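Q: I have a structure to study for class. Could we go through it together, starting with the overall picture?

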Amino acid sequence: MYVCSCFGITEQQVREHADTGACTPRQLASACKAGTDCGGCVRRIQALLGRGACPRRELIDSGAPEPLGVEGDAVGPAALSEAA
C-alpha cells in the first residue's frame, strides 16, 4: 500500500529504509523524499516508524547525546517536524 502518493513510496519501502537506519520522518525524507511534497503522509510515516524500533532513538531517549548533523538538516516543509 502506498504511504506517499506524491513520490510513490510504499509501506514496504518505509520499513526497508527504517531497517537501514532511517528512524525519523526527516531521515526517511532524506532517503527517499517521502513527506517532502504535500506532507499528507507524515503522520502515517511517523506511525510506521514508531518510537521503540530504532536503537539510536532508544539511546537519545535514555539521555545519550545525539551525533552532530543528524537531526539538524533541513529537508522540506514544516510538516516534517517530529511530534513530541
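Q: How many helices and strands are there in the protein?
A: This is a predicted model, and the protein in it has four helices and two strands.

Q: What pattern do they follow along the sequence?
A: Read along the sequence, the pattern is β-β-α-α-α-α.

Q: What share of the residues is buried?
A: Of the 84 residues in the protein, 30% are buried.

Q: And the accessible surface, what does that come to?
A: The accessible surface of the protein is about 5100 Å². Carbon and sulfur atoms account for 53% of that surface.

Q: Which residues form the largest nonpolar core?
A: That core has 11 residues: Val3, Cys4, Ile9, Val14, Ala22, Leu28, Cys32, Ala34, Cys41, Ile45 and Leu49. At least two residues of this core come from each of β1 (2-4), α2 (25-32) and α3.

Q: Which residues of α2 are buried?
A: Leu28 is one of them, and the others are Pro25, Gln27, Ala29 and Cys32.

Q: What happens just after α2?
A: Lys33 takes a positive phi of about 75 degrees there. Lys33 has this positive phi although it is not a glycine. For comparison, most residues other than glycine have a negative phi. Lys33 belongs to the loop between α2 and α3.

Q: Where does Gly39 lie?
A: Gly39 is also in the loop between α2 and α3.

Q: Is Gly39 buried or exposed?
A: Gly39 counts as buried because its relative accessibility is 16%, and the cut-off for buried is under 20%.

Q: How far apart are Gly39 and Cys6?
A: They are 33 residues apart in sequence, and their C-alpha atoms are 9.2 Å apart in space.

Q: New topic: how do α1 and α3 pack?
A: Their axes are 10 Å apart, and the helices pack at an angle of about 55 degrees. The two helices are therefore oblique to each other.

Q: Which residues make that contact?
A: From α1 the contact is made by Glu11, Val14, Arg15 and Ala18, and from α3 by Arg44, Leu48 and Leu49.

Q: And the crossing, is it left-handed or right-handed?
A: α1 passes α3 in a right-handed crossing.

Q: Let us look at Leu48. Where is it, and what does it touch?
A: Leu48 is in helix α3, which covers residues 42-49. Not counting residues up to four places away in sequence, Leu48 touches Val3, Glu11, Val14 and Arg15.

Q: How far is Leu48 from Ala18?
A: The two are 30 residues apart in sequence, yet 9.0 Å apart in space from C-alpha to C-alpha.

Q: What about Glu11, is it buried or exposed?
A: Glu11 has a relative accessible area of 14%, so it is buried. Glu11 is found in helix α1, residues 11-19.

Q: Last one: what share of contacts joins residues at least 24 apart in sequence?
A: Among contacts between residues at least 6 apart in sequence, 61% join residues at least 24 apart.

Definitions and conventions
Residues numbered from 1 in each chain as written. Predicted model: local features only at pLDDT ≥ 70, side-chain atom pairs only at ≥ 80, totals over all residues. Heavy atoms only, no water. Contact = heavy atoms within 4.5 Å. Buried < 20%, exposed > 50% of the residue type's maximum accessible area, 1.4 Å probe, protein only. Areas by Shrake-Rupley, 256 points an atom, 1.4 Å probe, with all protein chains shown as cover. Core = buried A, V, L, I, M, F, W, Y, C linked by side-chain atoms within 4.5 Å. Axes fitted to C-alpha atoms, helices over the stretch in contact; angles between N-to-C directions. Parallel < 35°, antiparallel > 145°, perpendicular 65-115°, else oblique. Left-handed = near helix turned anticlockwise from the far one by under 90°.
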